[in-house]
Amino acid sequence: MNILGIANNDYSGACLISNGQIVAAASEERFTRIKAHKSFPNHAINFVLSEANLTLDQIDKIAFGWASDFSKEKHLELYFDRIVEACLTSSSDAVILRKRLKDEIINDADTQNEFHQFLKDNNILDKVIYIDHHESHANAAFLCSPFDDGITISCDGRGDFQSFTLSKFSNNKFKVLQRETTFDSLGYFYGRITALLGYKPNRHEGKITGLAAYGDPTKLIHKMRKLIDIDQNYRIRAKFEDGYLPSYNNNYQQLKFLFHGDKPEDIAAAAQAHIEHILTTVVQQYVSKEHPQNLCLAGGVFGNVKLNQRLRELDGVKNIYVLPAMGDDGLPLGAAICCLFEFAGTRIKVPSMKIGPEIKPSEDIIKSLSSNYCYTLSNQHDVIEKSIKALKSNKVIGLAKGKMEFGPRSLCNRSIICSAKDITINSWLNERMNRTEFMPFAPIVADLFAKDCFKDWDYDHVASHFMTMTYDCTEYFKTHCPAVTHVDDTARPQVITQRSDPFTHQLLVCWEQESNEPALINTSFNMHEEPIVCTAENALANLGKGVIDLLIFNEDLIVWKKDNKELEYLND
């Protein structure tokens, strides 16, 4: 069976599953070079089809992770009860809620029409399968997890008239135990705080998580409760009477008035503490020491790595898997995964996210180099040896090898790496990339060293392979790798195994032997507000701009600028 997953909303992209395996997946932004490009994913579709030498005519199912259908079974009673509850508190809330429902219907119309036109133009209307938005997130998280049972949760801004679902997988079926309306959206709550503090909602929420470590959460928790909270039945409830409308648009005057004179870091800290409290309290109702559960998480809210740590630490949680492409950029993969399970009963456990376009062979790259660059083509052993010499002199290396990662995290195929010893790097490297300087860098660590670095880490923590969770750092790690230890003594690691990435694993082992540092910095290979590099040309452009000092292609080719005299030793 050939399944094509498509998304054309805020993050567009495509994924192809063939013969029960993921062939390829990519976001449209990586081809157009426009961050979060909201356009139909023509480039991504053409790419994934070409990877399997297929045409649209050979596709059996088109999976779309946004049904945009108000379901009697899922939504009618949920919304009836919620609207009645709100109106009993304040009759004026009816106007607010009616507008919110109307907006949601209107907001989906353009993308639905665009997708329908694509199906019509290609005469494939009979192949489409609409997957509920939150099932595309949550169910796919379980189906991709290594677990045989567990609880799966989706939480984001909105999708198919829901903002939160919690389900249990048993008897080969998913049973929803709790749903919440888009009126009561934690994704919108956190996104509105993001916008209030001057950043882009639905994109820069990670900056709020980073900023939160600098503030005092206790000062403003009472104000956060005026916006959204949990009731006595552990249901998530927004507070419409305070002028808070859960969407990214409008009503910011109410928030500005509420937080007038408060420090941004205290606002961020309170928002972070509040979302952690709400979700850990909700989840705690479904887990216990006597009946421990695995958690599978997806949806944009679970891009929040500190929240994921708090959930992992709950009594009664055995382990956590976070779908690596947890946000709406992961919908093409999620919808295709759910479609495969529905029609074939097949799961794809812990798939690699290195499923994007591949860097062409090194010999082809050499032909494209201008007179501005020097290069050396060598074996893997020599490349690692020269890389370590460069890292010891505090040089910044770009990795562009193999297939590009799918999702928001660079996992050492499109990464920037450097020593984690220099605490000042947080300023000067961020300045090179035009990024916000308080944002912490993340470490890459070989699995051999991870237990010495991170408290409570264990070998079965698969989420740590994809940089989707923070850990408290040990004193050993904080001493040896201060540049990747955040001010709250946490880090967001990618733990690398020899099987998952032999080159980077060997580099880390050799680096630890040479430097006594168990980690390197790993940050995504891109300038601020640009997509992660996709091609050799994208990577060379960053070398030309001075973002990195040297570039490694495909584990055997090192490239640097001719005017960088400090790197002449690479010719040896």
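I count a charge as sitting over a ring if NZ of Lys or CZ of Arg is within 6 Å of the ring centre and within 35 degrees of the ring normal. The model is predicted, so I note that local features need pLDDT of at least 70 and side-chain atom pairs pLDDT 80 or more, while totals for chains, interfaces and linings use all residues. Residues are numbered from 1 along each chain as its sequence is written, and side-chain values use heavy atoms, without hydrogens and water.

Charges over rings: I found Arg347 over the face of Phe142, 4.4 Å from the ring centre, and the charged end of Arg192 over the ring of Tyr252, 4.4 Å from its centre.

Ring pairs: I took rings of Phe, Tyr and Trp (its six-membered ring) as paired if their centres lie within 6.5 Å, with planes under 30 degrees apart as stacked, over 60 as edge-to-face and the rest as tilted. My search of the whole structure gave 19 aromatic pairs. One of them, Phe64 with Tyr130, is edge-to-face, at 6.0 Å centre to centre and 90 degrees between the planes. Phe64 lies in strand β4 and Tyr130 in strand β5, so this pair ties together parts 66 residues apart in sequence; strands are DSSP runs (E, at least two residues), numbered from the N terminus.

Burial: I called residues buried under 20% relative accessible area, exposed over 50% and partly exposed in between (1.4 Å probe, protein chains only). Phe64 is buried at 3%, whereas Tyr130 is partly exposed at 35%.

Cluster: I also noted that ring pairs link Phe70, Tyr79, Phe161, Phe183 and Phe240.

Conventions
Helix = DSSP H or I, 4+ residues; strand = E, 2+ residues; numbered from the N terminus.
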